[in-house]
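This report describes the contacts between the chains, the salt bridges and the nonpolar core of the structure shown below.

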Amino acid sequence: MRLPILALALAQRTHAPAALGLFENGLVRAAPADLDGTLYTMSDPPNVAGALWSTTTANIMGLLEQGGVDLGFIGGAEVDRYGNLNTSYVGDPRQPRVRLPGSGGGADIACLSRRVVIIMPQARHRFVERVGYRTSPGHGDGPGWRERVGLPGGGPATLITTLGVFRFDEQSKEAVLASYHPGQSVDTLRAATGWSVRVAPDVRETPVPTDAELALVRACDPERVWTR
Amino acid sequence: MTIVHVQRADALGHCHAWGPLGVTREAALAARRVLVVAEEIWPTGRILADPNLVLLPAFKVAAVVHEPWGAFPSPLQGCYGRDHASFAQYHAESGTPAGFRAWLDRWVLAPRDWPGLLGVLGPERLAGLRPRRRLPSEPLDYGA
């Protein structure tokens, strides 16, 4: 399963058994798909069996718009210190070097979820001072921005990367390094971040999954497509 | 015009679609004319026996095309899964203009028609996409 689906499956099987998953393609699930192999996308046919609802994207987005979504997952090509994401263009939007897929449901999720978790591979050229194009707004220009532009919902709470975990500060609204994964350090995280990153006073190594959690993750990704 | 692929349709444009619908219905309704591509053609009486499952009003349908495997490499609920290899291959080969051109020539322009493409893919590859188990729903009674 892709990482958000996998994360949801893990949560439903551990600390959040009542969690409901809403998928952009129109599916609502209370439990992970029963698999005989790898789920690559939310629209793979096995994801429908056992679903609580199979409907339209518009209906799922309607629930999002009503404030019904507690947690949204998104990722991007570029992220900045305030959790704004770019999935539209690399380079000048009027003449881009690379044209990316665009928002999909990302902008809706970023604007309307009560809380957002960003999942991204980390590299310095992708973690930029200011994204070249604001496809999915996080905390915008900083404190007060979401309120000024009229966005409900809390915006990004956490940024989880291949190197560490950042949490968005309640006051300053910027990403603060909370932990570095095993094998990394504050120095490697600084080197991989394209802005002068603040570090939490209690920064530490990210706790590794328990054996039980790891077994669940492996069961969801038997062919190791999304995990190592 | 919007083009949609559905599991079954009659010759008049009444069609059934099920599974995660995404934007299928809205895309069809937003267009003035719709091209319906169907995995199977069914008699009108059997389609209209379940009017709730009908995707859109037939007066918007300009044509119905019977084309099995027409959604390939995307999935179609109850019929076939997603062909992940096709997407991975496109991603790998289309990174440059020359690579994209070669991909286009081989997979889009060279096959004579859709059955021609299916012939290139081969029966084993297609058979591997079929559902591993049947999951029928309960029949409905619209009795009045």
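## Interface of chains A and B

In this predicted model, 5 residue pairs are in polar contact between chain A and chain B, both residues being at pLDDT 80 or more. On the side of chain A that touches chain B, there are 6 nonpolar, 7 polar and 3 charged residues by class.

In terms of contact, 16 residues of chain A meet 15 residues of chain B. The area buried between the two chains is about 1,300 Å², and carbon and sulfur atoms give 58% of that area.

## Salt bridges

Over all chains, the count comes to 12 salt bridges. One of them joins the side chains of A:Arg81 and A:Glu129, at 2.7 Å from N to O. A:Arg81 lies in the loop between β5 and β6 of chain A, whereas A:Glu129 lies in the loop between β10 and α4, 48 residues apart. Because its relative accessibility is 17%, under the 20% limit, A:Arg81 counts as buried; A:Glu129, at 43%, counts as partly exposed.

A:Arg81 also forms a salt bridge with A:Glu174, at 3.2 Å from N to O. These two residues are 93 apart in the chain, and both are buried.

## Nonpolar core

The largest nonpolar core contains 27 residues, and A:Leu159 is among those with the most contacts inside it. Of the elements that contribute, α3 of chain A gives the most, with 4 residues. Beyond its neighbours within four places in sequence, A:Leu159 is in contact with residues including A:Val79, A:Ile118 and A:Phe127.

Key. Residues are numbered from 1 along each chain as its sequence is written. Chains are lettered from A and ligands numbered from 1 in the order in which they are written. This is a predicted model: local features need pLDDT of at least 70, side-chain atom pairs count only at pLDDT 80 or more; totals for chains, interfaces and linings use all residues. Side-chain values use heavy atoms; hydrogens and water are left out. A nonpolar core is a set of buried Ala, Val, Leu, Ile, Met, Phe, Trp, Tyr and Cys residues joined through side-chain atoms within 4.5 Å. Buried means under 20% relative accessible area, exposed over 50%, partly exposed in between (1.4 Å probe, protein chains only). Contact means heavy atoms within 4.5 Å. Buried area is the accessible area (1.4 Å probe) that two parts lose on being put together, summed over both. A polar contact is a pair of N or O atoms within 3.5 Å; within protein, one must be able to donate a hydrogen and the other to accept it, and residues adjacent in sequence count only if both atoms are side-chain atoms. Ala, Val, Leu, Ile, Met, Phe, Trp, Tyr, Cys and Pro count as nonpolar, Asp, Glu, Lys and Arg as charged, and the others, Gly among them, as polar. A salt bridge is a side-chain nitrogen of Lys or Arg within 4 Å of a carboxyl oxygen of Asp or Glu.
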